[in-house]
Amino acid sequence: MVEFGLKLDDNTVAKWKPHYINYEKLKALLKAAKAALKARDALADKMRAAGQDPDAEPPASLPPSPPPPSAAHASSSNLGSLAPP
C-alpha cells in the first residue's frame, strides 16, 4: 500500500488529471482523523479510570459541545479541497 501514491502518479491519464483526488491531502486527512479518534479513546480511558462516565451529558453549567460531523457533511462538495492543485 505504500507504493499506491507512486503508482497513481505513474498511471495518471493527463486529460483526467483535473478530476483526480489529491491523494496526499486525503492521506493527511485520514491520518488526522485517526489521531483524533485515538485521542478521544485515550481521554475516555482516563475518565473511566477516574470513575467518570465518558458518555454522560456534561453538567448544565457547561455550554453544550457542537455535534460531531456527520456523513452528510462528507459530500462531494466538501471533497473539493482534496482536488489536485
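**The start of helix α2**

Guide: At the start of α2, a side-chain oxygen of N22 comes to within 3.2 Å of the backbone nitrogen of E24. This is a predicted model, in which local features need pLDDT of at least 70 and side-chain atom pairs count only at pLDDT 80 or more, while totals for chains, interfaces and linings use all residues. Residues are numbered from 1 along each chain as its sequence is written, and side-chain values use heavy atoms, with hydrogens and water left out.

The side chain of N22 also reaches the backbone nitrogen of K25, at 3.1 Å. Such a polar contact is a pair of N or O atoms within 3.5 Å; within protein, one must be able to donate a hydrogen and the other to accept it, and residues adjacent in sequence count only if both atoms are side-chain atoms. N22 itself is found in the loop between α1 (4–10) and α2. Because its relative accessible area is 14%, N22 is buried; buried means under 20% relative accessible area, exposed over 50%, and partly exposed in between (1.4 Å probe, protein chains only). Buried residues make up 6% of the 85 residues in the protein.

The protein has 2 helices and 0 strands, where helices (H or I, at least four residues) and strands (E, at least two) are DSSP runs numbered from the N terminus. Helix α2 covers residues 23–49, and its 27 residues, at 1.5 Å a residue, should span 39 Å; the end C-alpha atoms are 39 Å apart, which agrees. The expected span is 1.5 Å times one less than the number of residues.

Beyond the helix, α2 is followed by G51, whose phi is positive, near 80 degrees. D55 lies in the segment after α2. With 66% relative accessibility, D55 counts as exposed. The C-alpha atoms of D55 and A44 are separated by 8.4 Å, although these residues are 11 residues apart along the chain.

To place this part within the whole, the accessible surface of the protein comes to about 7600 Å², of which 64% belongs to carbon and sulfur atoms. Accessible areas come from the Shrake-Rupley method with a 1.4 Å probe; for residues, only the protein chains shown count as cover.
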